[in-house]
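Let's take a walk through this protein together, one part at a time. Keep the model open beside the text and click along as we go.

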Amino acid sequence: MSNQRAGWSRRQVLGALGVAMLGAPALGRAQSDRPIKFILPVGVGSGVDTITRSAGPALSAALGHTVVVENQPGAGGIVGTSALVRSAPDGYTLSMLSNNHVIFPSVYKSLPFDPLADITPISMVGMTPFLIVANPKQIAAGNLKELTALLSREPGRYNYASSGNGTILHLAAEMFVQQAGVKARHIPYKGVGPMMTDLISGQVDFGVLSLPSVLPQIKSGGLKALAACGAERMAALPDLPTAREQGLTNYEIGGWFAAAGPANLPAADVRRIYDALGRAFNSPEVKQATAAQNNRILLMPPEQTAAHFRSEMARYAVVVRGAGLELM
């Protein structure tokens, strides 16, 4: 486990606090020097980590408190989330959660927390586009229809990589396999880095990856993009059709990240934090940083965010059952 805090210059911190004092609501003037901690159940440099840190100064200004980012990776995110749910519901400890949070119940025999009852969803924040990619030397296909035909002709010959059993990248690829009605062997890795290395070298054939992580390899020709996984084409690759456009009419998946607090966070605090997130993530500097990362801001109010958590949990449970995945 590694902990790392986001740090800004004295000028940035003072500027952020100055803006807050001019009008942004704070959690309490008497405790105005107390920082707000974002526990991230992911490692430094991951997508959610990068997004949260790039928004740090704007979040400090909007919340009226210095924002500190603390990474607590481990066990697929269970370590950091456990720390969140044990925190006091006072608005000073928050987190950014991702798809993996609602996949937990489907892939683990037991958890030290209830993914829905033990948190307070505050706001969906944004989305990271996914795409289906292949090693061009291993897969003689230029699009998703050709990949499907290839897999149909030789069932079980080809394999797909993932960042680990039960991760969102595993389920995204498994959704394609199930909906296309084809067979391919799953090769799990311990993280995106090793997965990417073997995919580029040709040790594995295809997989699903996020656009920010794979765009350089696509542009260099190391990997071939076969389909966008979202409902719409991606601005960075406008000529790449979606899976829906290529015949998989029910296929839509992407990475999402949402702000949450521990259970029983008071409604007034939830609304205040939600409003602050809106100001921070709609600020020009954060919009620019998010766009540069090829991510998309997609804010949802607390009630809609909670409903999204529930519907996503049910959706992934179906995929896991279809894959016959053994519980860990």
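**Starting in a strand**

Ile 39 stands opposite Glu 70 in S2. Before going further, a word on ground rules: this is a predicted model, in which local features need pLDDT of at least 70 and side-chain atom pairs count only at pLDDT 80 or more, while totals for chains, interfaces and linings use all residues. Residues are numbered from 1 along each chain as its sequence is written, and side-chain values use heavy atoms, with hydrogens and water left out.

Back to Ile 39, which also has a bridge partner in S3, namely Ser 95. Strand S1 covers residues 36–40; strands here are DSSP runs of E with at least two residues, helices are runs of H or I with at least four, and both are numbered from the N terminus. S1 pairs with S2 in the parallel sense over five bridges, and three bridges join S1 to S3, again running parallel. (Two strands pair if DSSP finds at least two bridges between them.) Strands of a sheet pair through backbone hydrogen bonds, either parallel or antiparallel. How much of S1 is buried? Four of its five residues are, so S1 is largely enclosed by the rest of the structure. Buried means under 20% relative accessible area, exposed means over 50%, and partly exposed is in between, using a 1.4 Å probe and protein chains only.

With a relative accessible area of 27%, Gly 74 is partly exposed. Its C-alpha atom is separated by 13 Å from that of Leu 111, 37 residues apart along the chain.

**A second sheet and its helices**

Now look for an open sheet of five strands, in the order S7-S6-S8-S5-S9, with mixed pairing. Its edge strands are S7 (185–188) and S9 (224–228), each of which pairs on one side only. On average, neighbouring strands of this sheet are turned by 30 degrees against each other, direction ignored. S5 (residues 130–134) runs antiparallel to S9, and four bridges join them; at one of these places, Leu 131 has Ala 228 as its bridge partner in S9.

H6 (residues 144–153) lies across S5, S8 and S9, at about 105 degrees to S9. H9 also lies across S5, S8 and S9, running at about 120 degrees to S8. For these angles, axes are lines fitted to C-alpha atoms, for helices over the stretch in contact, and angles run from 0 to 180 degrees between N-to-C directions. Contact means heavy atoms within 4.5 Å.

The loop between S9 and S10 is worth a stop. Thr 242 is found in this loop. Is Thr 242 buried or exposed? At 2% relative accessibility, it counts as buried. Leaving out residues up to four places away in sequence, Thr 242 touches Ala 227, Ala 228, Gly 230, Ala 231, Glu 232 and Arg 233. Arg 244 is found in the loop between S9 and S10 too, but is partly exposed, with a relative accessible area of 34%. Beyond its neighbours within four places in sequence, Arg 244 is in contact with Ala 231, Thr 249, Tyr 251 and Glu 252.

**Into the pockets**

Time for the open spaces. A pocket is an open set of points on a 1 Å grid over the protein atoms alone, where a 1.4 Å probe fits and protein lies on both sides within 12 Å along at least five of seven lines; lining residues have an atom within 4 Å of a point. The largest pocket has a volume of about 1200 Å³, counted as the space filled by probe spheres set on the points, with grid points joined across faces, edges and corners. Its lining has 49 residues, and Val 42, Ser 46, Asn 100, Ile 168 and Val 192 lie nearest its centre. H5 gives the largest share of that lining, five residues.

The second largest pocket holds about 620 Å³ of space. Of the 27 residues that line it, Met 127, Pro 129, Gly 230, Ala 231 and Arg 296 are the closest to its centre. Here the largest share, three residues, comes from H12.
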